[in-house]
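Student: I would like to learn how to read a model feature by feature. Please start with charged pairs.

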Amino acid sequence: TGWDAPQRLRTRNAILFLRTDKQALQQRNFSHRIHHRHVLLFVLQTNGTISVDGIPHSLTEGHAFLVLPYQFHHYIDINKNNLRWLFITFECTEGNAALAELGNRIIHPNQTELKVTEQMVALWTNAHRTQSAAELLTLLDLLLLNLSKRYPIQPAHSPARHSSSWFSRD
């Protein structure tokens, strides 16, 4: 029998864009802040904070962050007017459980993941996007798979013993 992974990460309808100034990043239109797409952002230049469902996450250069669908998010405490934040938005047809674990945490991409991201940007900027779409989506799936392996799904906490107290003693 062959190998199969029917629940593997599968993305579609990816969009890549770069925000280069504070005003564009902090758009006042609330319709841009909650939507059905995943948003993977990379802070390339200029630190800032993303607030997701009211919880602030301070991001520095080199960090990444995944906003899950329907999470209210906006950007605050941007240090400078000029910045470089790369956004990859996409829909996910399979593998949402793995992506849920990546959400709401600061991600530290390694060199391999950054190289895959660079390849995606090169494909996106290519004039023949329709010919490169399958390759770009495959690279996105690979990037997300690598990230999900480094940030695995945490098993549900099951206490080893029951306690009559709200506080457990070790």
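Tutor: A salt bridge is a side-chain nitrogen of Lys or Arg within 4 Å of a carboxyl oxygen of Asp or Glu. Side chains of opposite charge can pair when their charged atoms come close. This is a predicted model: local features need pLDDT of at least 70, side-chain atom pairs count only at pLDDT 80 or more, and totals for chains, interfaces and linings use all residues. Residues are numbered from 1 along each chain as its sequence is written, and side-chain values use heavy atoms, with hydrogens and water left out.

Student: How many salt bridges does a search of the whole structure find?

Tutor: Five. Take Arg37 and Glu91, whose side chains meet at 3.4 Å, N to O. Arg37 sits in the loop between helix H1 (22-25) and E2, and Glu91 in strand E7, so the pair ties together parts 54 residues apart in sequence. Helices (H or I, at least four residues) and strands (E, at least two) are DSSP runs, numbered from the N terminus.

Student: Are Arg37 and Glu91 buried or exposed?

Tutor: Buried means under 20% relative accessible area, exposed over 50%, partly exposed in between (1.4 Å probe, protein chains only). Both Arg37 and Glu91 are buried. Arg105 is partly exposed, with a relative accessible area of 24%; its side chain meets that of Glu101 in a salt bridge of 3.8 Å, N to O. Another pair is Glu118 with Lys115, with the closest N and O atoms 3.9 Å apart. Both lie in helix H3, three residues apart, about one turn of the helix. Salt bridges with shared partners also link Arg12, Arg37 and Glu91 into one network.

Student: Now the fold. What is the order of elements from the N terminus on?

Tutor: The protein chain has four helices and eight strands. They run β-α-β-β-β-β-β-β-α-β-α-α.

Student: In what order do the five strands form an open sheet?

Tutor: Two strands pair if DSSP finds at least two bridges between them. Here the order is E1-E7-E2-E5-E8, with antiparallel pairing. Strands E1 (10-21) and E8 (106-107) stand at the edges, each with a single partner strand, so one side of each lacks a neighbour in the sheet. Seven bridges join E2 (residues 38-45) to E7 (residues 82-94). Within that pair, Val39 stands opposite Thr89 in E7.

Student: And the hairpin of E3 and E4?

Tutor: Strand E3 (residues 48-52) and strand E4 (residues 55-59) run antiparallel, joined by five bridges. Val52 has Ile55 in E4 as its bridge partner. Two residues lie between the strands, and Asp53 takes a positive phi near 50°.

Student: How do I read the nonpolar core?

Tutor: In soluble globular proteins, nonpolar side chains tend to be buried together. A nonpolar core is a set of buried Ala, Val, Leu, Ile, Met, Phe, Trp, Tyr and Cys residues joined through side-chain atoms within 4.5 Å. The largest one here has 25 residues, and Leu40 and Phe90 have the most contacts inside it. Helix H4 (129-150) is among the contributing elements; H4 gives the most, six residues. Apart from this core lies another, of 14 residues, including Ile50, Phe65, Leu83 and Trp85.

Student: Which residues does Phe90 touch?

Tutor: Contact means heavy atoms within 4.5 Å. Not counting residues up to four places away in sequence, Phe90 touches residues including Ala14, Leu40, Leu66, Leu99, Leu140 and Leu144.
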